[in-house]
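Subject: Structure handover

Hello,

The structure is below, and my notes on it follow. Please read them with the model open.

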Amino acid sequence: MYIYNDVDQKIVDERVEQYRDQTKRYLEGNLSDDEFLALRLMNGLYIQRQAPMLRVAIPYGTMTSTQLRALAAISRKYDRGYGHFTTRTNIQFNWPKLEEVPDILTDLAKVQLHAIQTSGNCIRNTTTDHFAGVSATEVSDPRPWCELIRQWSTLHPEFAYLPRKFKIAITSGPEDRAATQVHDVGLHLIKNAQGELGFEVLVGGGLGRTPKIGKVIRQFLPANEVISYLEAILRVYNLKGRRDNKYKARIKILVDALGADAFRDLVEEEWLHLKGSDLQITQEEIERVSDFFTPHDYNTEAAADTTLDHYLETNSEFKHWYQRNTHQHKVPGYRAVTVSLKPQLGAPGDITALQMDLVAELADRYSFGQIRSTHHQNLLLADVEQRNLYSVWLALSDANLARANIGTLTDMIVCPGFDFCSLANAKTLNIAQQINDAFDDVDYLHDLGDIRLNMSGCINACAHHHVGHIGILGVDKKGEDWYQITLGGSSEADASLGKVLGRAVAADEVADTLKRLLETYVELRKGDELFIDCVRRLGVEPFKERVYAVA
Amino acid sequence: MPLLKHKTLVSDDPWVFQEEFSDVTESSIVVPFTQLLQQVTIAQPQERLGVRLSSEESLDDLIPRLNQVSLVEIYFEALRDGRGFSFARLLRREGFQGEIRASGEVSRDRLDYLYRCGFDSVLLQAPIDAEQAQTAYQEISVHYQADARNDQPIYRQTL
Ligand code: HEM
Ligand code: SF4
């Protein structure tokens, strides 16, 4: 876990005071609405349907227990005692007061947190695989690179007024749990034939109105040139990206208009000026930052434990949870534990202050004091010894954080929708509830297996509906909420965009439609074929026939 | 309009903007880029000629003519239009030694970024007092990135 040095702390502290002054000038009437809009957005403050909304950065999804406790305290002091984790691993508060935001930022800065560049047309929080550092298949830990990029992108003087927002994700190893192919830039940490570390570079992925899968523009970039290369990409984008239409301003549109080859040529030409320059990251700096992410002091006897087997044999509820909510760890005798923020009742990604405190305590007791937030809007205790799993499960169950649904249909990614978001076309939280009510049977859910359901309240696609195995998009038809369903999307290594199933369905029919869809799957699957594989093999037709035949 | 030069409020600005190019004047003139492009020969000495380039115009087309001017005024068409920041950096990289000036939709809360990208002067639309201007440049005192003022990123700076 990266710990701030004096420089890091100073920048964040000074930024808080700068923002405090901006807020003051705005409230005194000395800063126009338009000016302040741009400034507050670059500090994560939206004005929404109900109230302002503050988005706090969780850099690459890692937190200490101290930080999580501070988030809990903030939610109590300035908000309504809860927060909301997003698909980009940040946390949002839905009820802060505009005039209190500077104080919130002061409290955040005390624990090395901030809201810098969590919205606005600038470089956003870099995200990564939530199993970074504990995955057996990763080539190298992506987190040091995320931190180096965090520093480079923070208050960058040239790239604060880009055509549109800019999001970077990094992953390493064969699985892609960070949706890198639908980011403005996706970086895959790899080794070349000589064993040197570097990145495969993708650009131009993104969802929203014009969903696109990113294109590879460089097979191998030496790792120490990542800053110079990003600088080249950003400069080309800043100069050439469209500014006449905000729906055509993302880098994906530029890459598409020029063609990936021509875009790459521009970047490479710019990079000629930058590579090998002082932007090249020094070996010393790479080592300094990497030292914060060295493996924990793991118990070498952890695998000798026999109690886990006992609990698995005697407690079927625990076993369900173990199977769905805990994951392989590179160290024998350890598991990574997902804390499910997808309860039977409640909005996906929401967490109360009490729950935050509890998770912080469990992290202190069982997982080296660290917590991660995931792209799927859950939390993760990455390093739990197997002998402690049962205690962790009991504590999580008590706090309603142990629903055994990770990776299943009800582990939905859902945006706030109409209840909180002023851009929404339709509600999402009521539909999530309808789905939860209809699919509460654990055995049935587990039988359906891995299914990624993503639901957005409008075409901005905050919940990545295009890349859900099942995607749901809220649309407005003459003032009524309707829902368009897509099938076959994926944001993983085999990324693809979902195909529309057919006409949109009414709000009260969403869960029934899903039921028919999944019955069709159960009938048509071969052996233990996964839902996504079944859809890919058969196409949407058989599903469409069944779904609309009944209606 | 207040003019800040090298972070300081100045009152004597030798430059006057002229919609149309006129050859050999005594004053220091700034003309639109389209006007400069139309001139085949230019008698106005380089020291007294400046050009205004809008962020909608092509920096690439200006570069071959940089030896004709000693001031480039980059006109920001909109608050959210950040192209000018990159223009300034590229001008410096091209070796342009003259003054780089920002005008149009620029304001106090962008002063430091402008300076770091290589702008020497800023023509502001709103009034500003000397103290405010000072503060604007001092709000953030350490920087992670290399920029036009310092080619050393944080990992090469000796603090
Ligand atoms: C409630 C206030 C919110 C507002 C007003 C909002 C607004 C937007 C807008 C306008 C876009 C489209 C930008 C573009 O494509 O150029 C967008 C994209 C996005 N938002 Fe939100 N959002 C909100 C909440 C959230 C939440 C809660 C999440 C996470 C669950 C989220 C995650 C994202 C992501 C991942 C994208 C990128 C989609 C893509 O790849 O194109 N947003 N948001
Ligand atoms: S997808 Fe639309 S409704 Fe949902 S949060 Fe984003 S902007 Fe709002």
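A backbone N or O atom of L207(A) lies 3.0 Å from an oxygen atom of ligand 1, and one of G208(A) lies 3.4 Å from an oxygen atom of that ligand. From R164(A), a polar side-chain atom sits 3.0 Å from an oxygen atom of ligand 1. These are polar contacts (pairs of N or O atoms within 3.5 Å; within protein, one must be able to donate a hydrogen and the other to accept it, and residues adjacent in sequence count only if both atoms are side-chain atoms).

This is a predicted model, in which local features need pLDDT of at least 70 and side-chain atom pairs count only at pLDDT 80 or more, while totals for chains, interfaces and linings use all residues. Residues are numbered from 1 along each chain as its sequence is written, chains are lettered from A and ligands numbered from 1 in the order in which they are written, and side-chain values use heavy atoms, with hydrogens and water left out.

Around ligand 1 there are 25 residues, of which R164(A), K165(A), K167(A), R250(A) and C462(A) come nearest. A residue counts as near a molecule or strand if one of its heavy atoms lies within 4 Å of it. The shell of ligand 1 divides into 9 nonpolar, 10 polar and 6 charged residues. Here Ala, Val, Leu, Ile, Met, Phe, Trp, Tyr, Cys and Pro count as nonpolar, Asp, Glu, Lys and Arg as charged, and the others, Gly among them, as polar.

The shell of ligand 2 has 8 nonpolar, 4 polar and no charged residues. Among them are C415(A), C421(A), C458(A) and C462(A).

P163(A) is in the loop between α5 (143-153) and β7 (168-172) of chain A. Helices (H or I, at least four residues) and strands (E, at least two) are DSSP runs, numbered from the N terminus. With a relative accessibility of 9%, P163(A) is buried (buried means under 20% relative accessible area, exposed over 50%, partly exposed in between; 1.4 Å probe, protein chains only). Not counting residues up to four places away in sequence, P163(A) touches N121(A), Y237(A), N238(A), G241(A), R242(A), R243(A) and A249(A); contact means heavy atoms within 4.5 Å. In α5(A), 11 of its 11 residues are buried, and the helix is followed by L155(A), whose phi is positive, near 55°.

Helices α7 (residues 251-258) and α8 (residues 260-274) of chain A pack at about 110°, with axes 6 Å apart. That makes α7(A) roughly perpendicular to α8(A) (65 to 115 degrees; under 35 is roughly parallel, over 145 roughly antiparallel, the rest oblique). Axes are lines fitted to C-alpha atoms, for helices over the stretch in contact, and angles run from 0 to 180 degrees between N-to-C directions. I251(A), L254(A), V255(A) and L258(A) of α7(A) meet A260(A), A262(A), F263(A) and L266(A) of α8(A), a contact with 8 nonpolar, no polar and no charged residues.

H327(A) lies in strand β11 (residues 326-328) of chain A and is buried, at 16% relative accessible area. A polar atom of the H327(A) side chain is 3.3 Å from the backbone oxygen of N325(A).

Two lysines also have positive phi. K478(A), near 45°, is in the loop between β18 (470-477) and β19 (480-487) of chain A and is exposed at 85% relative accessibility. K7(B), at about 70°, is partly exposed, with a relative accessible area of 29%.

Regards
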